[in-house]
Amino acid sequence: MTTTAGPGTAGSLAWARRRGSVARFWRAYRTHRAGLYGLAGLVLIALAALTAPLTVGDDVQSVTGASGGALEPPSARFPLGTDQFGRSLLGLLVWGARVSLAVGLLAAALSVAIGTLVGILAGHYGGWLATVLMRVTDWFLVMPTLVLAIVLATVMSHSLWTVVLAIGVTSWPTTARLVRAQTIAVESRPYIERARALGGGHGHVMSRHVLPNVMPLVLAQTTLGISNAILTEATLAFLGLGDPTVVSWGGMLQDAREAGAVSSGHWWYLAPPGIAIALVALAFTLCGRAVESALNPKLGVR
């Protein structure tokens, strides 16, 4: 007697395959010691940012309610010193992590989404559409990303969403190029021809066959792009193009410059946000290289 698998059984098998894929990915990822260090650092920074309202409180951002003196050096009361308003730099650093990480994640997600869409469309359809999309991509590639982001942030209102949009719409061309090449490689495989012979349309082929095969590349590109997005956000905030109503690491550097910390030797005002930006960018880069190697062992990244 033959038993036909029901929908529940098919769903269970699908979830089992997904769990197996995640387990294999983690086994490959944890062989990269640098990737584990980067992941541990990101987890600690993310926990500090998420618990900021409980650990440092909202009043640390208040200019009128500052509890310290202006530009106090590091001490037992203020481990990282104070800014020109007497606010604790340690508390500002923790609050700044929330903005910098959020902007980096959102901008990288927007950039990768645009690049993935353009790359799949160009690789799947080809012809005049691919020509137009790739010429637009080439134009964005040759234009300096930071200059385009500065222009967008200048002409639009100063807000976090403006910064996210400015970074996202200027940093997608590299992803588009990579995804297009991967799409062309995937569509040359025999099962794509079988899917088309069985009546699969463009949407079915792109969503069910091409997208799952390019997702590992997209995931690795997202992880690597977050560090660039955080650096760009810090640069825009340092140039005074960020949201002046929120605290970010780049904004802290801008405030330090305006307070004359460079010329007056107040190193404790400059060092913490600069080191934080460098450490987070390094952690995301280490994680991105480990993800890239785990998803594509042929790269041999160690």
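Colleague: How many helices and how many strands are there in the protein, and what makes a stretch count as one?

Modeller: There are 13 helices and 0 strands, where a helix is a DSSP run of H or I of at least four residues, a strand is a run of E of at least two, and both are numbered from the N terminus. This is a predicted model, in which local features need pLDDT of at least 70 and side-chain atom pairs count only at pLDDT 80 or more, while totals for chains, interfaces and linings use all residues. Residues are numbered from 1 along each chain as its sequence is written, and side-chain values use heavy atoms, with hydrogens and water left out.

Colleague: Why is His266 called buried?

Modeller: Buried means under 20% relative accessible area, exposed means over 50%, and partly exposed lies in between, with a 1.4 Å probe and protein chains only. His266 has a relative accessible area of 17%, so it is called buried. This residue is found in the loop between α12 (261-264) and α13 (267-295). Leaving aside neighbours within four places in sequence, His266 is in contact with Leu71 and Ala261, contact meaning heavy atoms within 4.5 Å.

Colleague: What makes Ser111 buried, and which residues does it touch?

Modeller: Ser111, which lies in helix α4, has a relative accessible area of 5% and is therefore buried. Not counting residues up to four places away in sequence, Ser111 touches Gly168, Ser171 and Trp172. Ser111 and Pro173 are 62 residues apart in sequence, and their C-alpha atoms are 8.4 Å apart in space.

Colleague: Which residues of α8 are buried, and why are they said to be on the same side?

Modeller: The buried residues of α8 are Pro173, Thr175, Ala176, Val179, Thr183, Val186 and Glu187. They cover an arc of only 140 degrees around the axis, so they are on the same side of α8; the arc is that of the directions from the helix axis to the C-beta atoms. An α-helix has 3.6 residues a turn, so residues three or four places apart point the same way. What covers the buried residues of α8 includes α4 (89-125), α5 (127-142), α9 (190-197) and α10 (202-238).

Colleague: Why is helix α11 called largely enclosed?

Modeller: In α11 (residues 249-258), 7 of the 10 residues are buried, so this helix is largely enclosed by the rest of the structure. The buried residues are Trp249, Gly250, Gly251, Met252, Leu253, Gln254 and Ala256, and their cover includes α4, α10, α12 and α13. Just after α11, Gly260 takes a positive phi of about 75 degrees.

Colleague: How many residues does the protein have, and what percentage of them is buried?

Modeller: Buried residues make up 40% of the 302 residues in the protein. Along its principal axes, the C-alpha trace spans about 80 × 50 × 35 Å.
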